[in-house]
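Visitor: Could you take me through one part of this model closely? I would like to see how the pieces of a single chain are laid out and where they touch.

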Amino acid sequence: MRLRKFGLGLVSALALAASMGVAHAKSDIVVAMQLEPPHLDPTGAAAGAIDSVLYSNVFEGLTRFGPDGSVNPGLAESWEISEDGKTYTFKLHEGVKFHDGSDLTADDVKFSLDRARADDSQNAQKALFTGIETVEVVDPLTVKVTLKEPNGSFLFNMAWGDAVIVAPESIGDIKSKPIGTGAFKFTNWVQGDRIDLEKNADYWGEPAKLDKVTFKFISDPTAAFAAVMAEDVNAFVGFPAPENLPQFEADSRFQVLVGSTEGETILAANNKLPPLDNIKVREAIAHAVDRQAIIDGAMFGYGTPIGTHFAPHSPDYVDLTANSQYDPELAKKLLAEAGYAEGFTTTLKLPPPSYARRGGEIIAAQLRAVGIETEISNLEWAQWLEQVFKGKDFGLTIVSHTEPMDIGIYARPDYYFQYDNADFQKLFADLTAEDDPEKRSVLLKQAQEMISKDYVNTYLFQLAFPTIADAKIKGLWENQPTQATDLTAVYWED
Amino acid sequence: MLQYFLKRLLSLGLSLVAASVVIFLALEVVPGDPASYMLGLNAQEDTLAALRQELGLGGSLFERYATWAGGLLVGDFGTSYTYRTPVAGMIADRLWVSLPLALYALVLSTLIAFPAGIWAASRRGSHADGAVMGVTQLGIAIPNFWFAMLMVLVFAINLRWFSAGGFPGWDAGFFVALKALTLPAIALALPQASILTRVMRSSLLDTLGEDFIRTARAKGLSKGQALWRHAVRNALIPVLTILGLQFSFLLAGAIIIENVFFLPGLGRLVFQSISARDLIVVESVVMLLVFAVIVVNFTVDMAYAWVDPRLRRRR
Amino acid sequence: MSLLFHSRTLLPGAVLTLLFTAAALISLVWVPYDTTVVDIANRMKPPSWLHPFGTDQFGRDILSMIMVGARTSIAVALVAVGIGMAVGVPLGLAAAARKGGLMDEIIMRANDLVFAFPSLLIAVMITAVFGASALNAIIAIGIFNIPVFARLTRGAALSLWNREYILAARVAGKGSARISLEHILPNVANLLIVQGTIQFSLGILAEAGLSYVGLGAQPPTASWGRMLADSQTMISLAPHLALFPGLAILLTVLGLNLLGDGLRDSLDPKLRRART
Amino acid sequence: MSRSETGLLSIQDLSLSIHGLPILKNVSMDVAPGRILGVIGESGSGKSITAFSVLQLLPGGASCTGSITLSGKDILSLSEAELCGLRGRDVGMVFQEPMTALNPLKTIGDQVAETILIHERVSKAEAMVRAADALRRAELPQERFPLSRYPHELSGGQRQRVVIAMAIALRPKLLIADEPTTALDVTTQAQILDLLKRLVAEGGMGLVLISHDLAVVADLADDLVIMRQGEVVESGPAKALFGNLQHPYSRALLEASAHVPERRQEVLDLPLLQVREVVRDYTGHTHGWWGKTTQFRAVDGVSFEIRKGESLGLVGESGCGKSTLTRAILGLEEVQGGEILFDGLPVFTHHHANQIVRRRMQVVFQDPYGSFNPRWKVDRLITEPFHLLANPPKGAERDRAIAEALESVGLSAADAQKYIHEFSGGQRQRIAIARALIIKPDLIILDEAVSALDVSVRAQVLDLLADLAGRFGLTYLFISHDLSVVRSITDRVLVMKSGKIVEEGPTNTVFDRPSHPYTQQLVAAAPVLPAGIA
């Protein structure tokens, strides 16, 4: 890249072409993303940005997600499940070493799981572990996990970034110096700018093809566009400005991968705050909002409409968009029935991403059309977490829920949108206990319908995940089954 | 002279103290507890308390100020709430972008303004003068971030002469780094250069109207000689003031421009910190910028004394 | 009217300023298209007869947006200048009336202090504390204006205090407060007007800058600065999105500056002499 | 060089207009080597512009016709470059304002040496040596005034000497002095005039001395030119000319400069104003609030009395403390020691000016331009003192008072509705007097009240004052640096020097037989018209 910059210095297409050739004969890569991790402990915070950098690159779990969202063996090369479905016995790979040189043993697994489910655990997805009764070390390479109840999604849970295996001795400064078992080692972090990884020479599995990886954090969409255009970065995962994608597609220098994500983008309503506690009002809102307009206006066409809180690419998905067809007249009628013929005013709090900021302006206009006034306030993430997620001080908000299979949040009455429905909680309990795929599928469909009919939130679209990369880069994930940028299989083709 | 120097030094000190108090109080009234931001959503009370202690958030208002200000004196800016690393280090890195940028811009604007101003003044009323005045009017009126956007569009995205932003770091080589700072510096310098040109011009015109210029002409100096030997240096005095003020504008302007070109400078740091509610960083950066402004104004006062003998003895 | 001809810049300045003030005022009662209605179907349309400036990323009419935006910019800048004058001028007068006195010292030191904070920095601090809003932008710019007017007033007042007519007024037994009002203020008024227009234009620039970085007016309030920020990623596919708001700012500020220079030339006899 | 013996400078039928506006009409004058030509005229007579046209240092848009010949060279036909070569080498010039005539940022040495370096190829060092010599000839010996001095370190008189040194550094054939002493005190004025005289005598150079003050020129000039509104009204050898002035204007001018208003008014022998041991100190802040404070005693134990109906003169050079004393008497500033009684009442009672007293005193200031608020109409201006009255006149009564005041100073009631800029300098002083009169005070303090006026106007104002004193039984404290004026209008006079009264007595006695050395110096320095004329 440096050379290329010089080439540009003396403006000459030749120098350009030549130096580009030079630039590509290499095994390092600069990957840009929008959000920078607050710290580097995937088991210690909700921030998805941590996983985006570290998942499967630096940290690995017993199981791991594949590019298609399937659950594959990770550090555990195999496992057995008892008949009652309560006991899982994991067999660990041999010769797995942490980056500090120490061996991975069953004790590390026990430590990690116990730490995650401990009372004072700061794990953001504690729910994943609450079902665990005991974790026992059978021998250095065997762990036995016993559950309170059978849990069909336990292996799935163990694939999450929040369930990666960490070394006890590294916990002290894991937030700034993460030590994992992955194909890449953490080397350096320049806060506010970049994180550097390097190839882990003695990796237990298929070694990485790249020697050096740099994650650059560029929050500003303009900057992102400029950076890619100027080839200051080789790839941008989760490119924030969809309006620019057509240009990149038109440019032979780049490849554009538009993948699906687990990100259900919803217009969340505070189900405990009048008048939003009134189902008719929520239904009215659902009908007042024109999904397609938002997808076009905010995402420039990228995104799949959804009618419930579930990923369309999942086999169990039901298309319920019909429940909330765009119908302003109906919306007005419903409002009138609910006793808000004159409409009402509520708040609309928007986090930074453009789907929220732009979507917010469009939704505000659409709601105004049916008589609902919204006071927009743009929040930074920290403020959003403080006010909306933690403080539940909001009327409406737009946010994308990127965790996979996270319909469970509707079973948590204390969750920020405060949907408190005993039936659903029961249904979800059954679902958790069930491990027969067919039955699970049925339950899942019921769950989707229930929240759709209750109009808990207005389900907008499944967030598209645009990745722009140099045309010569191969092996990038297209979809985002979980928040991850798995570079273990990435290489430059020349 | 020494006495004058010491007095200005004293007033400089007082200003700094006052500024630090203002900044501290301003950011003290911020709602919300940094510790809880740092530990995230489900943090334990005892850990919070411990962290607050570690961050010097405990104790009375005065104690907190004392710790903070005391820290500043020894270059300890505290610990970033979000990154958990010493603020001083973070600022130091950014300073290596922001400071060169401001200086670069200052140099550019001076290099443009002085010749242009003198040229226009010496040809007052001519078309040249008119042209300069017209251009500078535009230069003052154009919003520099918009100008920056246009430059990016033309020079980075279309012509691809410059990279659209970002900063490779000085270790990438002096000229590579300088090149990355060029568009931002131009965007920053344009309005300042325009203002400076006009000040230079009008100041020169005032001086040219002075009696001693007539005296010089009566000695037999040509218009040009009178201008260079007697007018220019006298005209510099008001120009210096503006230069001093401009530095603060450049630093402030950098806050925006750095965001247009996503340079990892203080300005960007401030915004990141605001978004992350990392107030101790905001606090420190603001304090640093204010410190810079005050010091620069002090230097300007010293420069007066250098230019103007009347100040050397008087006071 | 005759003073229009003292200077070449006054007329164009006045015209531009009137143009945008008019746009702002008209937008109160009428705009070509409702800017609160989005029309995704024809978004980012280039200029046409229907939409002389084209439409933005939400299909809103940019001309209308600019008219409404003019309202925001002018309101913010105007109030900010108002604050600056309302506080700064009395301070300046008071300081001059007791030159070298403790009052004077305190006021001037306070001014120096505020001057040490570039307006953007003040804005940054205020938003860091209270969050971003047009009001906070006003406050930030306003605070920055105070010392400007205080210093200007003090400087001008000081020179006036040496005039013999002030002495005469004192012989007539008038107190400094009364003198400041009767003799000083009317004679610094011109300067204040001129500086007012200059600060006004600076205010518009500052507001644009603040909204651009998101510290200014929040949606759905239209604001030129934010229009630019929003258009930034689309500049290469729909340049008109960035072109017109930018031009609006440029021309308004230009107009005000020309007006200011013109007024200075016409109102200040000393400078008028210098020009001839 | 053929005509050089006949004349050095010869101006023939010089007419000059600026942007078509005629300024000079057919002006002619000659200067011979070693002789002094005095050019006399009131403001606007075009005397200065004539001087500048010799150097061709004219404002833009000026165009000359006629001829200016300097030792044979026709100035008007010279190129700018040739003119530059001539300025400072053949012709030196001295200006009116010594305070601003020097570049504040360069040492006097450099500025004098520059004249030399511009015209001759000599080393800096040599130039400095010659500069020192020039300064010595201008009576600034290097020992006491090193070349490294900056202008701000010199007094007005000294700066004027530096300007002269620059002008004579190359021993030019012609020296033009434009009001060289107007801005200076009498004593300094005398010294500078002597200096010029000596330089002419020893250098054999010609001198054009321009002044508004007949007396100044009279002692000095060999030949005279009297100008008025851009024309020469009379010219010729000084002695002869003074003998029989032909033109009515020059007669009037002469009459006016020697004018003594006739005053008939009895002086009562009871004190109106008593000043006892008054002390006034200033404490200056050096810088900021922590700056060292410096004590300066402006008025130092001054005592005197003014009797009812008397006209008392107070003479002193700038900075002697007369203005400070005025402020103290007017109750504008409190004194640190002594007391000031007006008709037995203290002017200051516990830190506040005594309104009853203030009502009975008024003041007229020097500057006819600076002493009125430009934004007010005359009626509002002159009624400002009403502020002192418990119940000021309103409506018709007020109008009557205004009319009366205006008419008593020779203006019309109609002038009340005009703005101040519509009046000439003389008229303004009349308005200033009207403002003083309007509340019928007993004492009027005239602070350099006529100093800024042209002689003819001055004479009229003096007459007015004398007349008013008679009509209203006014008492005057007449403060001035101009002895002749003081002499013409006061009964008694005080001479003040650095805060102290050094001499006091009946005006004529003091001026005819000054006892204190300083007074003697002053009287000697004061330029007087040659005896026998006027």
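Guide: Happy to. Domain bounds here come from an automatic or database domain assignment. On that basis, chain D is divided into domain 1 (1–90 + 174–258), domain 2 (98–171) and domain 3 (260–359 + 490–527). This is a predicted model, in which local features need pLDDT of at least 70 and side-chain atom pairs count only at pLDDT 80 or more, while totals for chains, interfaces and linings use all residues. Residues are numbered from 1 along each chain as its sequence is written, and chains are lettered from A and ligands numbered from 1 in the order in which they are written.

Let us stay with domain 1 and domain 3 of chain D. Taken over C-alpha atoms, their centres are separated by 40 Å. Nine residues from domain 1 of chain D and seven residues from domain 3 of chain D make up the contact; two residues are in contact if their C-beta atoms, placed from the backbone, lie within 7 Å.

On the domain 1 side, α6 (186–203) and α7 (214–220) of chain D are the elements that give two or more residues. Helices are DSSP runs (H or I, at least four residues), numbered from the N terminus. Of these elements, α6(D) gives the most, with four residues. By class, this side of domain 1 of chain D has four nonpolar, two polar and three charged residues. Here Ala, Val, Leu, Ile, Met, Phe, Trp, Tyr, Cys and Pro count as nonpolar, Asp, Glu, Lys and Arg as charged, and the others, Gly among them, as polar.

For another interface, look at chain B, where 39 residues are in contact with 31 residues of chain C. The side of chain B that touches chain C divides into 33 nonpolar, five polar and one charged.
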